[in-house]
Amino acid sequence: QVQLAESGGGLVQPGGSLRLSCQASGSILNIMTWAWFRQAAGKPREAVASITKRGETNCQDSVKGRCTISRENFNNTVVLQLSALKPEDTAIYFCNAFIWPSFGHGRDFWGQGTQVTVSS
C-alpha cells in the first residue's frame with residue numbers, strides 16, 4: 001500500500017516563506033513525476049509546481065519567481081518552498097505523484113493535504 005504524507009503547513013505572515021515536504025511510503029518501485037496542487041475555499045484544485053524524475057521543474061504563473069520544487073530520490077520525498085507569500089496563497093496543499101508500486105500498475109497517488117494560511 002503506497003501512501004503520501006505531507007508536512008510543513010501552518011500559519012504564515014504575508015511576505016514570509018514556507019517549506020512543505022511530502023514523503024511516499026510503502027512498496028514502491030519507481031516514482032516518476034511529483035507535483036503539488038492547492039485548493040482554496042470555494043475554488044477548484046489548481047496545479048502549483050511539478051518535477052520530473054530527471055529533475056525538470058515547472059512552477060505555475062501564480063507562484064513563478066517565488067517557487068522552488070526539489071526531490072530527494074533516496075528517501076522518496078519532494079519539497080516545495082514558496083517565498084513572498086500572499087494571502088491568496090492560502091489553501092490546502094496536496095502532493096501528488098505518479099508511482100509504480102512493487103506490484104500492480106503505475107498510477108497517481110495523493111496526499112491528504114496540509115493547510116497553509118497566509119495572514120497577519
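Ala35 is found in strand β4, which covers residues 28-39; strands here are DSSP runs of E with at least two residues, helices are runs of H or I with at least four, and both are numbered from the N terminus. The model is a predicted one, in which local features need pLDDT of at least 70 and side-chain atom pairs count only at pLDDT 80 or more, whereas totals for chains, interfaces and linings use all residues. Residues are numbered from 1 along each chain as its sequence is written, and side-chain values use heavy atoms, with hydrogens and water left out.

With a relative accessible area of 8%, Ala35 is buried, a class that means under 20% relative accessible area, as against over 50% for exposed and the range in between for partly exposed (1.4 Å probe, protein chains only). When neighbours within four places in sequence are left aside, Ala35 is in contact with Ala49, Ser50, Phe94, Cys95 and Asn96, contact meaning heavy atoms within 4.5 Å.

## The open four-stranded sheet

Four strands, in the order β1-β3-β8-β7, form an open sheet with antiparallel pairing, where two strands pair if DSSP finds at least two bridges between them. The edges are taken by β1 (3-7) and β7 (67-72), and because each has a single partner strand, one side of each is left without a neighbour in the sheet. On average, neighbouring strands of this sheet are turned by 15° against each other, direction ignored; the axes are lines fitted to C-alpha atoms (for helices over the stretch in contact), and angles run from 0 to 180 degrees between N-to-C directions.

Between β7 and strand β8 (residues 77-82), which run antiparallel, there are six bridges, and Thr68 stands opposite Gln81 in β8.

Strand β9 (residues 91-101) runs antiparallel to β11, to which three bridges join it, and the bridge partner of Tyr93 in β11 is Thr114. Strand β2 (residues 10-12) is likewise joined to β11 by three bridges, but these two strands run parallel, with Val116 of β11 as the bridge partner of Gly10. In β11 itself (residues 114-118), Thr114, Val116 and Val118 make up the covered face, while Gln115 and Thr117 make up the uncovered one. In a regular strand the side chains alternate between the two faces of the sheet.

Four bridges also join β9 to the antiparallel strand β10 (residues 107-110), and Ala97 stands opposite Phe109 in β10. These strands form a hairpin with five residues between them, and Gly104 in the turn has a positive phi of about 95°.

Most residues other than glycine have a negative phi. Asn76, which is not a glycine, has a positive phi of about 55°; Asn76 lies in the loop between β7 and β8 and is partly exposed, with a relative accessible area of 26%.

Ala84 also has a positive phi, of about 50°, without being a glycine. Ala84 lies in the loop between β8 and β9, where its relative accessible area of 37% makes it partly exposed. From Ala35, Ala84 is 49 residues away in sequence and 20 Å away in space, C-alpha to C-alpha.
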